[in-house]
Amino acid sequence: MNKLSGEEDQVGSSALEKPTCPYCEQRATTTLVDETFTYGSGEGAVELNVRLPVRHCEACDFHFIDQVGERIRTEAVYRHHGLLTPWEIRAIRESRRLSRAAFAEITGLGEATIKRWETGAITQNRANDRYLRLLNDDTCWSALKRLVAPKSEPPPARAASTHRSRSTTSAPPAAAASP
Ligand SMILES: [Zn+2]
């Protein structure tokens with residue numbers, strides 16, 4: 001089962017990727033730097049602490065934060081709100097080995113909505129966040145499958161379509177659907 005309470009080290013493996021300078025494309029070195037950034041504004045503003053991999057290109061003496069660092073910042077914001085991160089939501093779906101379309105069919109969620117959550121385009125509300133966490137529980141998932149299963153004596157066509165969606169394996173989750 002997926003780790004839903006991941007800490008900062010969840011991105012540790014991706015931080016080990018070989019970073020390259022965006023200007024001269026030379027290999028960059030990495031230094032972990034503790035950063036405190038302000039999230040929100042006014043009275044609701046909070047200070048969030050992260051440890052970022054800061055890249056340094058020795059060839060052109062350029063320091064930069066790449067997408068790994070941006071992801072760490074984003075995760076800190078989601079954790080601050082107590083919400084699943086986009087990557088955790090995608091992991092929940094992929095652990096069921098379902099495409100977004102098949103996942104939407106079973107859960108009643110909108111396929112486009114799922115995509116927006118998984119890409120961070122929009123943030124799920126509290127109710128949907130809890131629903132998603134329940135979907136990660138095998139008992140809840142089984143109960144849901146029974147709930148949406150055809151009630152009685154399904155015609156053969158319906159039964160076949162159920163099998164089709166069940167066997168749909170992890171389709172490449174890239175930009176397959178609408179923008
Ligand atoms: Zn460079």
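Student: What should I know about the numbering and the model before we start?

Tutor: Residues are numbered from 1 along each chain as its sequence is written. The model is predicted, so local features need pLDDT of at least 70 and side-chain atom pairs count only at pLDDT 80 or more, while totals for chains, interfaces and linings use all residues.

Student: How do you know how confident the predictor is in the chain, and where is pLDDT under 50?

Tutor: We look at pLDDT, the predictor's confidence in each residue, from 0 to 100. The chain has a mean pLDDT of 84, with 75% of its residues at 70 or more. Residues 1–15 stay under 50, and the model has 17 contacts for them beyond four places in sequence. Residues 175–179 also stay under 50, with 6 such contacts. A contact here is a pair of residues whose C-beta atoms, placed from the backbone, lie within 7 Å.

Student: Why is Ile 92 called buried?

Tutor: Buried takes 20 or more other C-beta atoms within 10 Å of the residue's own, exposed is 12 or fewer, and partly exposed is in between, with C-beta atoms placed from the backbone. Ile 92, in helix 2, has 23 such neighbours, so it counts as buried. Its C-alpha is 7.7 Å from that of Leu 132, 40 residues away in sequence. Across the chain's 179 residues, 16% count as buried.

Student: What about Thr 36: buried or exposed, and why?

Tutor: Thr 36 has 8 C-beta neighbours inside 10 Å, so it is exposed. It belongs to strand 1, and beyond four places in sequence it is in contact with Glu 47 and Asn 49.

Student: What makes a set of residues a nonpolar core, and which residues are in the largest one?

Tutor: The members must be buried Ala, Val, Leu, Ile, Met, Phe, Trp, Tyr or Cys, joined through C-beta atoms within 7 Å. The largest such core has 11 residues: Leu 83, Leu 84, Ile 89, Ile 92, Leu 98, Ala 102, Phe 103, Ile 114, Trp 117, Leu 132 and Leu 135. As for Leu 135, its contacts beyond four places in sequence are Ile 92, Thr 107, Cys 140 and Trp 141. In soluble globular proteins, nonpolar side chains tend to be buried together.

Student: How do you know how helix 3 and helix 4 pack?

Tutor: Axes are lines fitted to C-alpha atoms, for helices over the stretch in contact, and angles run from 0 to 180 degrees between N-to-C directions. On that basis helix 3 and helix 4 pack at about 115°, with axes 8 Å apart. From helix 3, Arg 100, Ala 101, Phe 103 and Ala 104 meet Glu 111, Ile 114 and Lys 115 of helix 4. Those contact residues divide into 4 nonpolar, no polar and 3 charged. The classes are Ala, Val, Leu, Ile, Met, Phe, Trp, Tyr, Cys and Pro as nonpolar, Asp, Glu, Lys and Arg as charged, and the others, Gly among them, as polar.

Student: What makes the phi of Arg 97 worth a look?

Tutor: Most residues other than glycine have a negative phi. Arg 97 has a positive phi of about 55° and is not a glycine. It lies in the loop between helix 2 and helix 3, and its 14 other C-beta atoms within 10 Å make it partly exposed. Glu 25 also has a positive phi, near 60°. With 10 other C-beta atoms within 10 Å, Glu 25 is exposed.

Definitions and conventions
Two residues are in contact if their C-beta atoms, placed from the backbone, lie within 7 Å. Helices (H or I, at least four residues) and strands (E, at least two) are DSSP runs, numbered from the N terminus.
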